[in-house]
Amino acid sequence: MNLRTRRGALSAAGLLGTGIALAACGGDSASGGASAPAASSGPVKLVYWGAFAANLGKAQEEVVKQFNESQKTVSVEHQFQGSYEELANKLTAALQAKQSPDIAVLSDVWWYKFYLNKAIQPLDDLMKAEKVDTKDYVDSLFNEYVQGGKSYALPFARSTPLFYYNKDAYKKAGLPDRAPKTWDEFAKDFAPKLKGAIDPKQFVFANGGYSAWIFQGVIWQFGGAYSDKDFKMTIGDPKGVQAGEFYRDSIKAGWSQSVKNDTDEFKQMNAVNIINSTGSLVGILDAAKGKFEVGTGFLPEGPAGFGCPTGGAGVAILSGLAKEKQQASMQYIAFATSPKVQAVWSQQTGYMPVRKAAIESKEMQDFIKTNPNFKTALDQLPKTKFQDSARVFVPNGDQILSKGLERILVNQEAPSTVFKEVADTLTKEAEPVIKARKALGA
Amino acid sequence: MQSLRVPRPETTLTPPAPRERSRDLLLFLAFIAPNVITLSVFSYWPMIRNLWLSFTYWDMIAPEPLWVGLDNWIEVLTSATFWTVLRNTLVFTVGSVGITILIAMALSLLLNQKRRGRNLVRAAMFAPAILPGSAIALVWTFLLAPYYGLISQAATGLGMPMTRWQNDPVWAMPTVILVVIWKSTGYDAVIFLAGLQGIPRELYEAARVDGANAWQRFVNVTVPGLSPVAFFLTVTSILASFQAFDIIRVMTGGGPVIATTTLIYQVYSEAFVGFNAGRAATYATILFGLMLAITVVQIRMVEKRVTYE
């Protein structure tokens, strides 16, 4: 934006207003092929938008490649679109331009928005035609996408938060080789010992990344919740505030730091404990190879016991496709979520296998035996719960909650004030959703 | 539009025949059409549409925006966020534009002297202006990175506490401003340099003959001589700073919380993070009005004090 002549300046001033309109055209340059009708001969061509980078991206490419090689009637083109947020952003623009892909990865906080706007289609008939064994999906993960008796996505890259610790630091501090059982134990016993043993440039615990997802677990551990099922915002209630106080104290007491990217800090051995997605597991293990030992554990318990949310992404089919494309899309999704593919995908990433048969497979069971960290993640899965509607159903709920947490962690503001304001904002932002749900008869 | 009229040959002293006049008009329209059409399609129509959007609620997926009247305006103007963002915008603009212009002027005076290697220094100084803002932001993020970044290591070496420059509520804004200054100083300095070389030598000689010392020559000859350039730079830099996005997007994402969120960044985050087109349009309209007002004031009031030759 260089405005060095007056005319340039004036037209730029004009352009400014166009920000929305213009940017809405951006970002989907790659999807041109999506709307072109498939030729009658040759395979049905599909465009699939993914959101996985680095080792996850490689694993994703592999899944698509295998699918394309496994049959001759459908050819899927995988297009990486950035983070979950960037993908949702581009998809919104693409829908306006009527240039959307056929299949898209949608994260826990995004798919519902597209569902409410009827931008993704129900899968039940397609699943039946494709003979997908819906009973074999892990029930809780499958059911999260069921609305009004119909499935709108299938779980694909599903994860849960996991507690990661640097084993070398634990050894140095004379701690047992396990994650803390409770926050109390961590704050009063582990943290001071670790602080005394680690380098001055290291710190005990890093907070960052999808903070409202991690805190979803913490607020449950303290007996609170972001909201109830009917969108009554409860984050400002005493239990929620107590969890907020605990977060603020962790910074004040000096054992936690608020960072931009907690995974990076852990990989670089700056932070010796983090809570992050199981989907980061393989990336972390690779980065730590030869540098330090990684341990994992369940999330620590709070005064109200254990709490851990599910998360990650599912795969959905966009509305309005030609019949043959719909079925072809289902064919790909059925393949990507099949027990065989899920077992491999899971080992390469750390995402939870979404199929019971994949978990029980000999391949997976053998793998777990030599990779105890995977076992921790899998063992924790049955104890996890679906997230509160405030984060996953309210538009922008995740951002509103994260900003609130940042105010507590970075600005050290009082949780009672912050959470009350957050609850008010969420209540307001939930109005259109409640209206839309009523219209859909939910 | 005087300058756009086609010059007629001097021989036609009689008023043009009606036919000729209409041909003139057609020619005139043909010349302005490309600009008028592109501006209308890409500037004026979106501006009108944007104003209309500010009276709606729209998540950018629903087929039709929903008319909500003044809701967005009331909500925005009564929110604490708006006032914080406005303050951030002012701090950012005054900080980046003011300091850049002062440093640039000083640099140009230095580089206007005949010294060895000054062309090399001029070129080096100008370099940041042609680099993309996002690349600059990434390099600075590297330099500022906690623990291993060059600047952080130097700072801790000097006994300063470890600071997360980009994630600190106090330091984030100064850090962003610093990078913007680094990027734009070179460009401004080159423009100043051109301005300096446009000041007639005779004025300095005359001043010297009149017994003016170096400081007096600076105040009475250099400063007025530079005022058109300074005015031009101020107007364009203020407008540019209102729209500065790339560096903020990459370095802080408007954070921590909203410590580095300026008006334009707020437009972006309302629209493309929160998907609230109505509220984003409201902020965009406010931003537009503010820029228009500032430019008008500058041209009406400040330009009077500019000395053109």
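Predicted model: local features only at pLDDT ≥ 70, side-chain atom pairs only at ≥ 80, totals over all residues.

Trainee: Why is B:Ser227 called buried?

Mentor: Buried means under 20% relative accessible area, exposed over 50%, and partly exposed in between (1.4 Å probe, protein chains only). B:Ser227 has 14% relative accessibility, so the residue counts as buried. B:Ser227 belongs to helix α9 (residues 214-242) of chain B; helices (H or I, at least four residues) and strands (E, at least two) are DSSP runs, numbered from the N terminus. Leaving out residues up to four places away in sequence, B:Ser227 touches B:Val306 and B:Thr307, where contact means heavy atoms within 4.5 Å.

Trainee: What makes a set of residues a nonpolar core?

Mentor: The members are buried Ala, Val, Leu, Ile, Met, Phe, Trp, Tyr and Cys residues, joined through side-chain atoms within 4.5 Å. The largest such core here has 210 residues, of which A:Phe114, A:Phe186 and A:Tyr332 touch the most other members. Helix α7 (residues 172-197) of chain B gives the most to this core, with eleven residues. Among the residues that A:Tyr332 touches are A:Tyr48, A:Phe67 and A:Ile103. In soluble globular proteins, nonpolar side chains tend to be buried together.

Trainee: How much area do chain A and chain B bury between them?

Mentor: About 4300 Å², 60% of it on carbon and sulfur atoms. Buried area is the accessible area (1.4 Å probe) that two parts lose on being put together, summed over both. The contact takes 48 residues from chain A and 52 residues from chain B.

Trainee: How do you know that A:Lys428 and B:Glu75 form a salt bridge?

Mentor: A salt bridge needs a side-chain nitrogen of Lys or Arg within 4 Å of a carboxyl oxygen of Asp or Glu. A:Lys428 and B:Glu75 are 3.1 Å apart, N to O, so the pair meets the definition.

Trainee: What about A:Glu265 and B:Arg164?

Mentor: Their side chains meet at 3.0 Å, N to O, in a salt bridge. This pair crosses between chains, from helix α13 (residues 262-267) of chain A to the loop between α6 (150-157) and α7 of chain B. Both A:Glu265 and B:Arg164 are buried.

Trainee: Is A:Lys362 buried or exposed, and why?

Mentor: A:Lys362 is exposed, because its relative accessible area is 62%. Its salt-bridge partner is A:Asp366, at 2.7 Å, N to O. Both lie in helix α18 (residues 362-370) of chain A, four residues apart, about one turn of the helix. A:Asp366 has 33%, so this residue is partly exposed.

Trainee: And why is A:Arg178 called partly exposed?

Mentor: Its relative accessible area is 27%, so A:Arg178 falls in the middle class. A:Arg178 forms a salt bridge with A:Glu185, the closest N and O atoms being 2.7 Å apart.

Key
Residues numbered from 1 in each chain as written. Chains lettered and ligands numbered in written order. Heavy atoms only, no water.
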